[in-house]
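Look at the structure first, then read on.

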Amino acid sequence: MNIFKILGAALLYGMLVISTTQSSTNFDSFDYDSPDALSSQFLRPDFRDAYKAVDEASSLLQYVVQILNRGALTIPNKSAAKNWAFEHVKIAYALRKIEDGSSEQTLFTLLSTTKSFVNHILRTVKSNFRNLDVFELPYIEKEDLSTVEARDAHYSRIQLLIETNKNLLAEFKYATKTMGLSWVNLTARKIDGFDTKYGISKTLEQIPRFVGLAGLILYALPEHRVATIPLIGTLKKYIGSPEYVEQDAKRNVLVEEGKQNADNVDVDAPKKVQSLASFLRGPDVKPLQVLVPLAFATLSQEFFNWYTIPVKKLLRPLWNELKGFELPQSSRYKHPGITLEDPRLIGLESQIEEMREVVRYLMDPETFDRANCNIEKGILLEGPSRTGKTLLANALCGTINEQLNKRGINKQFAFREIKATEINRSYDGIRGLIQDAKDNAPCVLFIDELHTLRLQTKEGTDGEVLNQFLTMAEELHSNEIGDAVILLAATNRAYMLDDALLKPERFGKVIHFENSTFETRRLYFIEMFKYNALETNLFDIDLLARQTEGCSYGDLNLIFKNARFSARSKSRAICQNDFEDKIHRYIYRIHGETKLALSLQEKQVIAAHIAGQALMYIHNEEKIPERIEVATIRGIWPKIVEARFFDAEAVKQANEKNKMQFGHIFTSHRAEKIPFETDPMLICKIKIAGTLAQELLLGKIQYGYRPQDKHEALALLESFLYNGLKKEHFTKAEHAELLVQVKVLLKKCEDETRAYLSQHSGLLKKLATELETKEIIAARDMKAIVQQQ
C-alpha cells in the first residue's frame with residue numbers, strides 16, 4: 001500500500017506540473033462539452049457532470065478561502081488552513097487532467113478520485129481545520145470491460161458514483177454555509193426562514209390594529225350578550241356600551257336620593273334605548289370618542305411606523321448577531337486590522353515610507369521635539385479617487401497599534417473617518433468634531449473629501465469655518481501618546497483648497513497619489529490571486545493589466561469582486577473569461593447583445609468597418625505605439641464625466657455625446673506615461689480602413705457611420721505637415737500649397753490601404769463575419785484567424 005501511495009503522490013504531482021504548463025498557453029474556462037476529450041458521445045453527459053463536480057468543489061474551496069480571509073472563523077491556525085485550501089484548489093484543477101486509455105475507465109477514475117477528494121476536504125472542514133493532511137491520489141485498478149456484463153456493471157457503478165458525488169457536494173456546500181456557526185445561530189436562522197415564509201413578524205406588527213378594531217366591535221355589542229362570557233364580559237364593563245337604559249337610570253336616581261322603594265322598580269321591563277341626541281350628551285359616549293379615532297388611525301400604516309421603526313432598529317442588529325452575521329463596527333471609532341506591511345498596498349512604496357515617519361515620531365516624540373524636527377500637525381493625501389488614500393490611512397493606524405503592542409504600551413489608537421458633509425450637517429461643526437476626537441484620544445482623525453468643506457475664502461465665504469478649523473487643528477499637537485490626535489485629510493481636487501490650509505503647521509505635508517501603472521496593476525492581480533487561492537499560471541495577467549489601463553485600485557477591486565461573484569453564482573471556479581467579461585462591462589462599458597438594437601444591414605456595415613480597422617491594426621502592430629485588445633460591434637456606453645453647463649447649446653452637445661455609439665476598437669498603449677510618436681501615415685491608414693472595407697465588402701460606403709474617421713485622418717496629416725505650427729503661422733499661399741500636399745498624402749494612403757485590403761479580402765471577410773456572429777472578439781482570436789490564412 002505504501003508503494004501505491006508513493007505512486008499516487010507522484011502521479012498527482014505530475015498532473016499538477018502538466019496542468020501548470022498547459023495553463024500557461026490556454027487561459028479559457030474548461031469546456032465541458034469538448035468532443036476531443038471523449039471517444040464515446042454516449043458518455044458525454046456523464047463526463048460533463050463529473051467535470052462540473054470537480055469545478056464546483058474547487059469553487060467551494062475558494063469560498064472557504066474567502067471566509068478565512070475575512071477572519072470569520074475561530075480556528076487555531078488560519079494561515080495553515082489557508083495554505084491547505086490553496087493546495088487543494090490546485091489539486092482540483094489537476095483532477096481535470098486525468099487521462100486514460102478508454103473513456104469508461106477515464107470517467108470511472110475521475111468519479112472515484114472526485115469522491116475521495118470531496119470526502120477528504122469535507123472531513124477537514126467538519127473538523128474545524130484541525131486535520132490539515134494533503135489529499136493523496138487513490139490507486140484505482142483497471143477493470144476488464146471485454147464482456148457486455150462487465151460493461152453494464154461498470155456503467156452502473158459510474159451512475160452510482162455520480163449520485164454519490166452530488167450528495168457529497170450538497171453536504172460540502174451545506175458545511176461551508178454553516179462554518180463557524182453554533183447551534184444557536186442555526187436555530188435563529190431556521191426561525192428567520194419560518195418567519196419569512198409565513199410572515200409572523202408582519203402579523204405581530206398589526207396587533208394594535210386588531211386590538212383597536214376588536215375594542216370598537218366589543219363596544220358596539222349589547223352588554224347582555226357578552227356579560228356571561230369570561231374576560232370579555234369584564235372588558236365590556238370597562239369599555240362601556242352605547243345603550244343608555246331608562247330603567248337603570250331611574251334606579252340610579254332613586255338610590256342617589258336615598259329612597260327605599262328603589263327595589264320596586266321593574267327590572268324585567270323592556271329596555272328602551274335613548275334617542276341619538278340624548279345618547280351623544282350622555283356619559284357613555286366618552287369610550288366611543290377614544291375608540292373611533294383609534295380604529296380609524298389603525299387603517300393607515302404610518303400610524304404603526306412611530307413604534308415599529310425604532311423597535312426594528314434596536315432589534316435587527318441583535319437578531320443578526322444571533323444568526324451569526326458579521327456586523328460592521330457600530331462605533332464611530334474603529335480599530336483597523338491592516339498595517340503598512342500589508343502586501344495589498346501595491347505601488348505605494350514612497351507613500352508608505354512617509355507614513356513610517358509618522359510612526360517613528362509617535363514612538364519617541366520627545367527626541368524629535370528636542371531636536372526641533374517634529375512632524376506636521378496635518379497630513380494631506382492628494383490624488384485621484386480610489387487610489388489607496390483611505391486604505392493607507394487605516395494602515396497607518398494599524399501600524400501604530402502594532403508598534404505600541406511590541407513596546408508593551410497599553411494604548412490603542414482608534415480610527416475615525418468623517419466626511420466633510422458630516423461636518424457641514426453637524427450642529428457644532430468642526431469645533432465639535434475635533435473636540436470629540438480630543439476626548440477620544442489617542443486616535444487618527446481622517447477627513448475625506450476635504451474640498452467639499454466650506455473652507456474656501458476665495459469663493460466669497462466669510463472665512464469663519466476656515467478660522468475655526470485652523471484654530472482647532474493647532475490645538476491637536478501633544479507630546480503625550482495618550483493625548484495624540486493625528487489629523488489626516490484626503491482630496492481629489494486640491495486646486496479647490498484655500499492656500500491658508502497648505503501652509504506649514506497646518507497641512508504642510510502633502511502626500512501625492514496617482515493611478516496605477518502597468519507594472520503595479522500586474523503586481524496587484526498577482527497578489528489578489530494569491531490572496532484568493534488562485535493559481536497565477538491559470539490566468540493571463542499581462543492581458544488583464546493591459547486592458548485595465550488608467551484604472552484605479554478601486555476599479556481593479558470592483559472587477560475582481562464581480563468576477564468572483566459571477567463564478568460563485570454559477571458554482572464553478574473563477575476563470576480568465578470571468579475577468580475579461582467584467583473588464584468589457586465596467587471598463588470598456590460594452591453593452592450586451594445587439595439582437596434587438598441593430599438590424600442585419602446595420603450589423604454588416606459596422607462589422608465591415610471595424611474589421612477593416614482591426615486588420616490594419618494587426619498588420620502594423622509592431623510599428624505603432626498601440627496594440628489592439630478587443631474589437632466589437634456592440635453599443636458602447638459613454639463615460640460619465642462631471643461638467644457644468646451655462647447655456648442651452650452646451651447642454652445639447654452634451655446630450656449628443658451621451659448617446660450610445662455602436663462599434664469600437666479598444667487598444668492599450670505600450671508606454672502609458674510618455675506618448676511615443678509614430679508614423680502619421682500608418683494612423684491615417686487605420687482611420688480610413690473602415691470606410692474602404694465597407695466599399696470592398698458591401699460595394700458601397702455608408703458615410704452615415706463614422707463620417708469623422710476621414711476628417712480625423714485629414715486633420716492628422718495637416719498637423720504632420722504643419723510640423724507643430726498652427727495655421728496662423730502660414731500665409732494663404734503657403735497654406736494652399738500645404739493643403740494640396742495633404743490631399744496627395746491622403747490619396748496615397750487610400751490607394752495603399754485599398755490595395756492591402758483587396759489583397760487580403762478573404763481574411764477581411766472572415767473577420768467581418770466573425771464580428772457579425774460573435775459581436776465581440778479578443779485580439780488573440782483575431783490574430784489566430786490571421787495566422788490561419
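Helix axes are lines fitted to C-alpha atoms over the stretch in contact, and the angle between their N-to-C directions can run from 0 to 180 degrees. Keep in mind that this is a predicted model.

H23 and H24 pack with their axes 9 Å apart, at an angle of about 125 degrees. That angle makes H23 oblique to H24. The crossing of H23 past H24 is right-handed. Which residues of H23 meet H24? They are Leu558, Ile559, Phe560, Asn562, Ala563, Ser566 and Ala567. Their counterparts in H24 are Asp578, Phe579, Lys582, Ile583 and Tyr586. By class, this contact of H23 with H24 has eight nonpolar, two polar and two charged residues.

## The surroundings of H24

Helix H24 covers residues 576-586. Its buried residues are Gln576, Asp578, Phe579, Glu580, Lys582, Ile583 and His584. What do the buried residues of H24 pack against? Among the helices are H21 (518-531), H22 (541-547), H23 (553-569) and H31. Strands S6 (626-636) and S8 (776-778) are packed against as well.

## Helix H30 against helix H31

H30 spans residues 761-774, and H31 spans residues 779-788. They pack at an angle of about 150 degrees, with axes 10 Å apart. An angle over 145 degrees counts as roughly antiparallel. H30 is therefore roughly antiparallel to H31. H30 passes H31 in a right-handed crossing.

On the H30 side, the contact uses Leu763, Lys766, Leu767 and Glu770. On the H31 side are Met782, Ile785, Val786 and Gln788. The residues of this contact of H30 with H31 divide into five nonpolar, one polar and two charged.

## The five-stranded sheet

Five strands form an open sheet with parallel pairing, in the order S2-S3-S4-S1-S5. Which strands stand at the edges? They are S2 (414-419) and S5. Each has a single partner strand, so one side of each is left without a neighbour in the sheet. Neighbouring strands here are turned by 20 degrees against each other on average, direction ignored.

Lys419 stands opposite Asp448 in S3. The bridge partner of Leu381 is Ile511 in S5. Strand S5 (residues 509-512) has two faces: Lys509 and Ile511 lie on the covered one, Val510 and His512 on the uncovered one.

Definitions and conventions
Residues are numbered from 1 along each chain as its sequence is written. This is a predicted model: local features need pLDDT of at least 70, side-chain atom pairs count only at pLDDT 80 or more; totals for chains, interfaces and linings use all residues. Side-chain values use heavy atoms; hydrogens and water are left out. Helices (H or I, at least four residues) and strands (E, at least two) are DSSP runs, numbered from the N terminus. Angles under 35 degrees count as roughly parallel, over 145 as roughly antiparallel, 65 to 115 as roughly perpendicular and the rest as oblique. A crossing is left-handed if the near helix is turned anticlockwise from the far one by less than a right angle, and right-handed if clockwise. Contact means heavy atoms within 4.5 Å. Ala, Val, Leu, Ile, Met, Phe, Trp, Tyr, Cys and Pro count as nonpolar, Asp, Glu, Lys and Arg as charged, and the others, Gly among them, as polar. Buried means under 20% relative accessible area, exposed over 50%, partly exposed in between (1.4 Å probe, protein chains only). Two strands pair if DSSP finds at least two bridges between them.
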